[in-house]
Amino acid sequence: MKTIAVNLDVKKIDKTKLYVGKKGTYLDAVVFLKDEEDEYGNHGFIVQSVSKEERDKGVKGEILGNVKLLGQQPKEPKEQPIEEVDDDQLPF
């Protein structure tokens with residue numbers, strides 16, 4: 001199982017998109033995970049959902065915050081290619 005930490009800016013939530021369900025008030029949102037983490041250690045972001053009709057009109061959901069995958073192992077540095085040296089350039 002993966003654990004994801006979410007950091008939301010609640011001021012950006014379009015309150016008209018909140019709806020009341022049986023156990024509380026809800027907001028539909030979508031998490032986008034990237035293949036690589038960014039320079040701040042984020043692995044993606046969360047966007048407020050929009051209806052199909054809105055998407056068809058080109059409306060995009062507000063970015064509400066970032067997500068991080070917790071417990072990720074640090075990536076091993078990529079191996080640097082070995083530079084070939086001509087034997088004539090060696091000092092011995």
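**Exercise 1. Determine what share of the protein chain counts as buried.**

Solution. Of the 92 residues in the protein chain, 14% are buried, where buried means under 20% relative accessible area, exposed over 50%, and partly exposed in between (1.4 Å probe, protein chains only). The model is predicted: local features need pLDDT of at least 70, side-chain atom pairs count only at pLDDT 80 or more, and totals for chains, interfaces and linings use all residues. Residues are numbered from 1 along each chain as its sequence is written, and side-chain values use heavy atoms, with hydrogens and water left out.

**Exercise 2. State which secondary structure elements the protein chain contains and in what pattern they follow.**

Solution. First, count the elements: the chain has 1 helix and 6 strands. Both kinds are DSSP runs numbered from the N terminus (helices: H or I, at least four residues; strands: E, at least two). Next, read along the sequence, which gives the pattern β-β-β-β-β-α-β.

**Exercise 3. Describe the open sheet and identify its edge strands.**

Solution. Begin with the order: 4 strands, arranged β1-β6-β5-β4, form an open sheet with antiparallel pairing. Two strands pair if DSSP finds at least two bridges between them. The edges are β1 (3–8) and β4 (29–33), each pairing on one side only. From one strand to the next, the twist averages 30°; axes are lines fitted to C-alpha atoms, for helices over the stretch in contact, and angles run from 0 to 180 degrees between N-to-C directions.

**Exercise 4. Explain why asparagine 42 counts as buried, and name its contacts.**

Solution. Asparagine 42 lies in the loop between β4 and β5 (44–48). Asparagine 42 counts as buried because its relative accessibility is 8%. Apart from neighbours within four places in sequence, its contacts are Lys34, Glu36, Glu37, Asn66, Val67 and Lys68.

Definitions and conventions. Contact means heavy atoms within 4.5 Å.
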